[in-house]
Each structure stands twice: as structure tokens, then as C-alpha cells.
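This report describes one protein chain and its surroundings. Please look over the sequence and the structure before reading on.

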Amino acid sequence: MSVQPLGVALVGYGYWGPNLLRNYMELPEAEVKWVCDVRAEALKTAQSRYASVPVSTAYDQVLADPAVDAVLVATPISTHHAIAKAALEAGKHVFVEKPMTADAAQARELVELAAARGLTLMVGHTFVFSPPVRKVKELIEAGALGEIYFITTQRVNLGLHQKDVSVVWDLAPHDLSVLYYWLGEHACAVSVYGRGCITPDVPDVAFINLKFPSGVVAEIQASWLSPVKLRRTIVVGSKKMLVYDDTENVEKVKIYDHGVDFQEPSDYGEFQLSYRTGDIVAPKISGAEPLYLEAQHFVHSIVDRQPPLTGGEQGLQVVISLEAAEASLRAGGVEMPIAVPPCTA
Ligand SMILES: NC(=O)c1ccc[n+]([C@@H]2O[C@H](COP(=O)([O-])OP(=O)(O)OC[C@H]3O[C@@H](n4cnc5c(N)ncnc54)[C@H](O)[C@@H]3O)[C@@H](O)[C@H]2O)c1
């Protein structure tokens with residue numbers, strides 16, 4: 001028996017939308033029914049690339065089409081809630097780009113609405129689908145690194161300054177979603193120093209410090225101002241350490257058999273530290289495109305009626321963390337607690 005491909009409509013064809021469109025056009029399990037944008041020029045560009053795809057500036061027209069099973073939202077953050085809510089109310093499954101919404105109340109409403117209607121709601125935390133991130137998760141879960149002590153991560157380059165959101169909301173969703181996925185827990189407190197170097201009201205550099213219930217501490221450096229592009233994460237465990245560098249072409253993950261062992265004093269002498277600098281191993285990792293895997297996961301979650309790995313609840317937890325991080329930044333670095341979502345939908 002052949003299964004009908006899932007009908008999808010893409011809303012938002014700016015910088016990121018074309019990447020979603022390219023991947024959904026390649027996915028046999030999906031069929032793109034519409035591309036929608038308020039800018040007619042954007043739709044002209046979409047049609048010049050894919051002449052067969054219908055386009056519209058009228059979102060209502062897209063939602064009224066029964067052939068549309070799911071809506072993909074790739075518009076600016078401030079519009080996510082309204083566009084996603086209208087889709088859920090029209091009975092469509094929703095994939096919404098990161099961060100899920102502009103505040104936690106909006107995110108909670110979408111989670112509850114999707115649950116009440118029995119619809120799939122997924123957030124575009126793309127890196128969770130990236131093969132090197134998956135490999136690190138596998139290593140952590142297998143205990144290969146031992147107890148995780150701390151994680152540092154750098155996401156800096158000469159990036160596009162956003163007008164409406166700080167670098168925290170633009171870049172940190174990636175790192176937060178990856179850290180939460182790896183550790184299987186959410187940060188419980190955050191403290192952030194940052195500043196708006198170019199536009200005083202829009203911070204373009206932030207040093208985000210996180211504390212986790214297990215004792216793990218982490219730091220995310222996020223900036224749109226840097227002479228070089230760095231996408232580098234270091235995970236330090238009691239047995240091994242690793243470097244995940246997403247700018248590398250092949251050896252994106254390197255595992256270091258390095259560490260320091262503490263030896264209790266055998267008599268009344270001083271304790272001993274023994275340093276270990278052993279092998280460095282780069283595991284073989286698939287080169288599959290994270291966005292393609294993400295698109296496939298969205299379709300499979302709907303068809304199999306399984307909760308997606310980056311569902312509404314995961315999206316909500318990231319938004320709650322971003323709110324706390326932004327509040328800390330605005331308060332000059334004061335530590336802010338991060339609440340666990342009080343939502344049981
Ligand atoms: N997953 C990732 O790695 C990744 C990377 C970049 C951006 N993003 C996310 O993608 C989203 C879009 O970012 P972008 O950089 O492409 O923004 P953009 O401003 O370049 O594009 C947004 C597009 O949405 C259109 N639009 C705005 N309001 C609309 C509406 N009400 N109806 C229909 N179309 C509308 C605009 O005309 C524009 O073409 C953001 O949430 C961003 O965080 C995700």
C-alpha cells in the first residue's frame with residue numbers, strides 16, 4: 001500500500017526559508033503545496049527556483065487548503081505565535097523555527113493547543129539532528145566520558161545583526177537545545193554578562209553561564225561580532241574530554257583520553273595528582289545534512305504519532321531559559337532561576 005506524501009506549506013521565504021524548502025522538495029515523504037510570504041519579491045525568487053510550487057501572499061488561502069497537512073513557520077520570531085496558532089486552529093500540524101516564540105506564555109499556549117487538538121508541534125532546534133551532536137550524545141550516554149564536569153561553547157562570527165532580538169535569542173537557542181539534549185536535564189540558573197556594542201539596545205555579545213541540577217556548569221559565548229567564525233564546544237568529563245568543532249569538514253568530534261586523577265594521600269603526606277595525555281580519536285560520523293534529518297523526523301513524528309525529539313515542550317523550556325538569560329543580561333549579570341515548565345500538556 002502506498003502512503004500519500006504529507007502536504008506541507010512553508011510560511012516565510014527570507015534567509016532561512018529557502019533551506020527548508022530545498023530539503024522538503026527533496027523529501028519523498030512530503031509534498032510542498034504552497035510557499036507563502038507577505039513579500040511578493042520573495043515568492044518570485046521561490047518560483048524562479050521551483051516553478052511548479054504554488055505561491056501566495058495570503059496565509060488564509062494556504063490554511064483553507066485541505067491538501068495542507070502541516071505548516072512550516074520560518075518568519076521572524078515576533079510572528080511565530082500568531083502564525084503557528086492559526087495553523088493549529090485550522091487543524092494543521094506545525095513546525096516552527098527556533099526560538100519557538102517571543103515569550104514563554106505564547107509557547108505554553110501553543111503546547112496546550114497542539115495537545116488539545118492532537119496535533120504535532122515541533123521546533124526547529126536543527127543541531128539536535130546533526131550527526132556530530134548525535135555522536136556526542138551517544139558517547140555521554142554510554143559513559144565514555146565519565147561524569148560530565150563542565151561544557152564550554154563558542155558560537156561567534158561576523159553575523160547578521162538582528163533588529164528586534166538580542167544575540168541571546170538569536171544564537172543561544174542552538175546551544176541550549178544541544179546542552180539540554182546531551183545532558184537530559186535543563187539548567188536551573190543562569191547569569192549573563194553582555195553588551196550592545198553596535199546598537200546599545202540590542203546586545204550583540206553575551207557570555208551565558210548556566211548551572212544544572214546535576215552539578216554540571218556550562219558557558220555559552222554568543223556574538224555577531226568576531227573576526228573569525230567559531231562553532232566549538234568542549235566537553236570535559238572525569239574519564240575523557242572532547243572537542244566538537246562544527247566548522248571542521250571531516251573530523252568534527254575529537255575524543256581526548258586526557259585527564260587528571262586525584263590520589264588520596266597514603267599517609268599524612270600531600271595528595272597526588274596524576275596527569276594523563278593519551279590517544280586522540282576522531283570517530284567516523286555521517287555527513288548527512290541536519291536539516292534533511294530534521295524534516296524527515298517531523299514527517300515521521302506525524303505519521304507515526306510519536307512526540308518529536310524537539311517538540312513544543314522542549315521549545316518551551318528553551319524559551320523559558322532565554323527569558324531568564326535576557327533578564328539576567330538586562331540586570332547586569334544577576335543570577336536568575338530557570339523554572340521547570342509548569343505545563344503538563
Ligand atoms: N534553524 C536554524 O539554524 C536557523 C537559522 C537561521 C534562522 N532561523 C530562524 O528562521 C526564522 C526566520 O529567520 P530569517 O533569518 O529567515 O528571517 P528573514 O527576516 O530573513 O525572513 C523572514 C521572512 O518571513 C516573511 N514574513 C514576515 N512576516 C510574515 C507573515 N506574517 N506571513 C508570511 N511571511 C512573513 C518576511 O517577508 C521574510 O521573507 C527565525 O525564527 C530564525 O530564528 C533558524
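The sections below go from the overall fold to single residues.

## Overall form

The model is predicted. It contains nine helices and 15 strands. The C-alpha trace spans about 80 × 50 × 40 Å along its principal axes. A compact globule of 345 residues would have a radius of gyration near 20 Å, and the 22 Å of the protein agrees with that.

Of the 345 residues, 42% are buried. Among contacts between residues at least 6 apart in sequence, 66% join residues that are at least 24 apart.

## Domains

Contact between the domains involves seven residues of domain 1 and six residues of domain 2. On the domain 1 side, the touching residues are four nonpolar, one polar and two charged.

In soluble globular proteins, nonpolar side chains tend to be buried together. Here the largest nonpolar core has 93 residues, and the members that touch the most others are Leu10, Leu72, Val94, Val168 and Ile208. Helix 7 (residues 167-183) is the largest contributor to this core, with 11 residues. Both domain 1 (6-124) and domain 2 (128-289 + 321-337) supply at least three residues to this core.

Leaving aside residues up to four places away in sequence, Val94 touches Ala70, Val71, Val73, Ala84, Ala87, Leu88, Ala114, Leu119 and Leu121.

## Ligand surroundings

The shell around the ligand holds 23 residues, of which Gly12, Gly14, Tyr15, Trp16 and Glu97 come nearest. By class, the shell has 12 nonpolar, seven polar and four charged residues. Helix 4 gives the most to the shell, with three residues.

## Backbone features

Lys98 and Pro99 are joined by a cis peptide bond, with omega about -20 degrees. Pro99 is in the loop between strand 5 and helix 5 (104-117).

Arg305 is not a glycine, yet its phi is positive, at about 55 degrees. This residue is in the loop between helix 8 (290-304) and helix 9 (312-330). Is Arg305 buried or exposed? Arg305 counts as exposed, because it has 9 C-beta neighbours inside 10 Å and the limit for exposed is 12 or fewer.

## Two partly exposed positions

Gly91 belongs to the loop between helix 4 (77-89) and strand 5 (93-97). With 13 other C-beta atoms within 10 Å, Gly91 is partly exposed. From Gly91 to Phe262 the C-alpha to C-alpha distance is 59 Å, and the two are 171 residues apart in sequence.

Thr45 is part of helix 2 (residues 40-49). Thr45 is also partly exposed, because 15 other C-beta atoms lie within 10 Å, a count that falls between 12 or fewer for exposed and 20 or more for buried. Thr45 and Tyr13 are 32 residues apart in sequence, and their C-alpha atoms are 8.8 Å apart in space.

Technical notes. Residues are numbered from 1 along each chain as its sequence is written. This is a predicted model: local features need pLDDT of at least 70, side-chain atom pairs count only at pLDDT 80 or more; totals for chains, interfaces and linings use all residues. Helices (H or I, at least four residues) and strands (E, at least two) are DSSP runs, numbered from the N terminus. A nonpolar core is a set of buried Ala, Val, Leu, Ile, Met, Phe, Trp, Tyr and Cys residues joined through C-beta atoms within 7 Å. Domain bounds come from an automatic or database domain assignment. Two residues are in contact if their C-beta atoms, placed from the backbone, lie within 7 Å. Ala, Val, Leu, Ile, Met, Phe, Trp, Tyr, Cys and Pro count as nonpolar, Asp, Glu, Lys and Arg as charged, and the others, Gly among them, as polar. The radius of gyration is taken over C-alpha atoms; the globule rule is 2.2 Å times the number of residues to the power 0.38. A residue is near a molecule or strand if its C-beta atom, placed from the backbone, lies within 6 Å of it.
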